[in-house]
Structures are given as structure tokens and as C-alpha cells.
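Hi there,

Here is the structure I promised to hand over to you. Have a look at it first, and then read my notes on its aromatic rings below.

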Amino acid sequence: MARGPLAGRQDPNGTKPALAASGRASQEGDRLFKWTAATAGSAIVLAVVLIAVFLLIRAVPSLAANRANFFTSPHFDVADEKNLAFGIRDLMMVTVLSSICALVLAVPVAIGIAVFLTQYAHPRLSRPFAAMVDLLAAVPSIIFGLWGTQVLAPELEPVATFLNLHLDWLFLFKGGNVSLAGGGNIFTAGIVLSVMILPIITSVSREVFRQTPPMQIEAAQALGATKWEVIRMTVLPFGRSGIVAASMLGLGRALGETVAVLVILHSAPRPGKWSLFDGGYTFASKIASAVSEFTRPLPTGAYIAAGFALFVLTFVVNAIARAIAGGKVNG
């Protein structure tokens, strides 16, 4: 078989060996990056597992000494180390009510702001307006708490009174242990929390809406769709999973909020029967209110058990959110 004139010649510049060395270096870099990323991801998982194990180990002795039902008892009495009696029923009630109230109020407003900034507002207006909304996330929690008690609560009193008088047939607005005069109730806390989680939901929703494929928008416009029809048929369906994810991020923020809720609810009466006009403590505010008393193992373990319940609750919420968002994407 004849050989070409260039057969057997060596590359005078050494190009092939250089390319081979470059390829080997690139593969080594890929492997190094892969192991670095895997280590970082594993460290996060390991940290979460260690936190859960720590909470569980510290909570078990107190749960074993507990004389009340941990899930159904409304009392949280750990003053006497020999007669611990604590439950999370009221803590769960206040935490869930205030967080859901915040979510119901914040999500529609956040979606409206995100749609306005991405679909209607001029870029010269949308950029500073978006920055102002994002700045809400930088306001300290204590400022929100003081604003809620000193400014918002007195203004909400007529609204709360109206709801209590005319919608008392609905359990959420029943009287019972109602606290309207001072405003330190779940209703006020929910509104304050809605303002606190608004920038989180708005920011994520805004970025998702901006990723809507232009071809889908142009196709809807070519069919003669109005601006609202374009948003309803293309932008909102495309961003459904992002809205769900943003809402769950906001819900997680509301579930764990401490200082603002503690300032608003510390003087209100204990919860009665799932009314927005009750008070009490959330998981986080109850634990924060007793930090100075963490000197004895068993009482401290009781609060750690409450913290573990909050830990599990946030995981359940995020699992549900991932399932919903995954279903939306696959659908």
C-alpha cells in the first residue's frame, strides 16, 4: 500500500504532544473541579445531618421526662426540672397561622410587582423600583417588630374590629381570646411577616418571568393577544414553578422569624381556637424568649425539642414545595 508524501513525518513544532498535554491537564482540572464540587455539596448535607442529630440527641432525655403529650398539650412548663410538662400544640398553631397569613397576603402582591417590573415598566423605572423592593430584605427584624407594634397595630385596630364583628362566623375571626386594642395578635404579625417576605418572593418571581422565551411571547402577539393575554398565556404558565419555589422560600423565612414576632406577640393572650386575633409564641420566638434560661439540661432540652419540631416542619414544607414545583415542570 502506497504511503503519502507526508506519511511518517514528525510535526516539527511539536503540536500533537502539546495538544495531548493540554488535554491531560484539562481532564485533571475537570476531575479536580468535580471532586471540589462534590465535597462542597457533601459538606452541606453532612452539616444538616449533624444539626438534626445534635437536636435529636439533646431533645430525647427531655422528651423521656416529659409528663405531657408533646404534640397535643397546650402547656409549655419547664420551670420544675422534676416535673416537665411541655407540648407544641399552641406553638404549632401560632407558627402556622402567622406564616400562612403572611404567604396569602404577600404572594399576590409579589407576583403583581414582578409582572409590572418585567412586562410593563420602562427599564429606567424598573431598575430603581426593583432595588427599592430588594432593600426591604436589608431592614433588621427588630425594626419591623417596632414598626408593627408602634405604627401598624393602631392603624389595623378598626380593620380587626370590623372583621371580628362581621365575620365571627368564620373560626379565623372569632372572638375568644381576642386582642384588638393592643394589636399584638397573629393578624398583625402576619401582615408584618408578609412585608418581610415580599422582597424574597418578588426577586425570584421577577427573575423567572424574565426568562420567558421571547418566541412564545411573539407567537401570542402574532395571534392578536392583548398584553394581559400574553402574560396569562405565556409568562405566568412559564413561571409557575418559580412562583411556587419563591413562595416556599418566603414561607420558610416566615416560619423561622424570631425577633419581629416576639416583639409583636409577647404581650398578647395565649391562642384559643385558631383565631387570627389570638397571640402567643411561635417556635422561634418561644425559644428566643428563654435563651437566658438555658442553664439546666432537661429544660434546655425541652426547647431544643421544640426547635427540632420546627426543623422537621421546614423540611416538610420544602419537600412539598419541591414536589409541587416538579409536578408543574413535568406537566
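**Notes on the aromatic rings**

Phe116 is partly exposed, with a relative accessible area of 33%; partly exposed lies between buried (under 20%) and exposed (over 50%), using a 1.4 Å probe and protein chains only. Please keep in mind that this is a predicted model, where local features need pLDDT of at least 70 and side-chain atom pairs count only at pLDDT 80 or more, while totals for chains, interfaces and linings use all residues. Residues are numbered from 1 along each chain as its sequence is written, and side-chain values use heavy atoms, leaving out hydrogens and water.

Rings of Phe, Tyr and Trp (its six-membered ring) pair if their centres lie within 6.5 Å; planes under 30 degrees apart are stacked, over 60 edge-to-face, and the rest tilted. By this rule there are nine aromatic pairs. One of them joins Phe116 and Phe129 edge-to-face, with 6.1 Å between the centres and 70° between the planes. Phe129 is also partly exposed, at 32%.

Another pair, Phe294 and Tyr303, is tilted, at 5.4 Å centre to centre and 45° between the planes. Here Phe294 is partly exposed at 31%, whereas Tyr303 is buried at 8%. Both belong to one aromatic cluster, along with Phe70, Phe71, Phe76 and Phe86.

Charges turn up too: the charged end of Lys227 sits over the ring of Tyr120, 5.8 Å from its centre. That wording requires NZ of Lys or CZ of Arg within 6 Å of the ring centre and within 35 degrees of the ring normal. Lys286 likewise lies over the face of Tyr281, 4.8 Å from the ring centre.

Enjoy exploring!
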